Amino acid sequence: MTAQTNDKKTPTAGESNGPSTGAVATRSGTDLAGSGGRTVIADAVVAKIVGMATREVRGVYAMGAGISRAFGAVRERIGGSTSTVTQGVAVEVGERQAAIDLDVVVEYGVSIPDLAAGIRRNVVGAVEKLCGLEVTEVNITVGDIHLPGEQESNDAPEQPRVQ
């Protein structure tokens, strides 16, 4: 996915190219309009930024609900497939704002309230800095906790039980 830009000068965080010209949100992304042109940011771009920002926080073991993690493990075993950074991420992007839902698995021993605050801080900072969107909410669902020495339940055993 690429962001289209017709701007002559790319503003830095906190700057703008001028007053809004009444951009309209589309299903595929967000229009950021200014007097110099418009910039379209696809929803998938925001989701990838959110996924990366979430994974940077110490204490996040994995992302996604149980079934999506299982499908992700299957995709990784298929030749040529790679895991997706947007697993466990859902975004709703409007003209100027974004709402985010996350499913995470935390490491045992990590304070969940502290981890959630850290995730929110990192996600909001990344989206606002990189996309220029106001984040209205970051909803976090902790679906599981990873215990030390525990393997993923969807991993196949190394040795078959019957030969």
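**View 1. Overall arrangement of the predicted chain.** The model is predicted, so local features need pLDDT of at least 70 and side-chain atom pairs count only at pLDDT 80 or more, whereas totals for chains, interfaces and linings use all residues. Residues are numbered from 1 along each chain as its sequence is written, and side-chain values use heavy atoms, with hydrogens and water left out. The secondary structure comprises three helices and seven strands, where helices (H or I, at least four residues) and strands (E, at least two) are DSSP runs numbered from the N terminus. Along the sequence, these elements follow the pattern β-β-β-α-β-α-β-β-α-β. Of the 163 residues of the chain, 33% count as buried; buried means under 20% relative accessible area, exposed over 50%, and partly exposed in between (1.4 Å probe, protein chains only). Among contacts (heavy atoms within 4.5 Å) between residues at least 6 apart in sequence, 67% join residues at least 24 apart.

**View 2. Helix 1 and its buried residues.** Helix 1 has 13 residues and reaches 19 Å from its first C-alpha to its last, close to the 18 Å expected at 1.5 Å a residue. The expected span is 1.5 Å times one less than the number of residues. Val46, Ala47, Ile49, Val50, Gly51, Ala53 and Thr54 are the buried residues of helix 1. These buried residues pack against strand 3 (37–42), strand 4 (60–63), strand 5 (89–93), strand 6 (97–107) and helix 3.

**View 3. Crossing of helix 1 and helix 3.** The axes of helix 1 (residues 43–55) and helix 3 (residues 112–131) come within 9 Å and cross at roughly 140°. Helix 1 is therefore oblique to helix 3. Axes are lines fitted to C-alpha atoms, for helices over the stretch in contact, and angles run from 0 to 180 degrees between N-to-C directions. Angles under 35 degrees count as roughly parallel, over 145 as roughly antiparallel, 65 to 115 as roughly perpendicular and the rest as oblique. On the helix 1 side, the contact is made by Val46, Ile49, Val50, Ala53 and Thr54, and on the helix 3 side by Ile119, Asn122, Val123, Ala126, Val127, Leu130 and Cys131.

View 4. With a relative accessibility of 1%, Val106 counts as buried. Beyond residues up to four places away in sequence, Val106 touches Gly59, Tyr61, Ile112, Leu115, Val142, Asp144, Ile145 and His146. The C-alpha atoms of Val106 and Tyr61 are separated by 5.1 Å, although the two residues are 45 apart along the chain.

**View 5. His146 in strand 7.** His146 is found in strand 7 (residues 134–146) and is buried, with a relative accessible area of 14%. Neighbours within four places in sequence aside, His146 is in contact with Tyr61, Val105, Val106, Glu107 and Tyr108. Between His146 and Tyr61, 85 residues apart along the chain, the C-alpha separation is 6.9 Å.

View 6. Arg55 lies in helix 1 and is partly exposed, at a relative accessible area of 34%. Apart from neighbours within four places in sequence, Arg55 is in contact with Met63, Thr84, Val85 and Gln87. Arg121, found in helix 3, counts as exposed at 62% relative accessibility. The C-alpha atoms of Arg121 and Val57, 64 residues apart along the chain, are separated by 9.8 Å.
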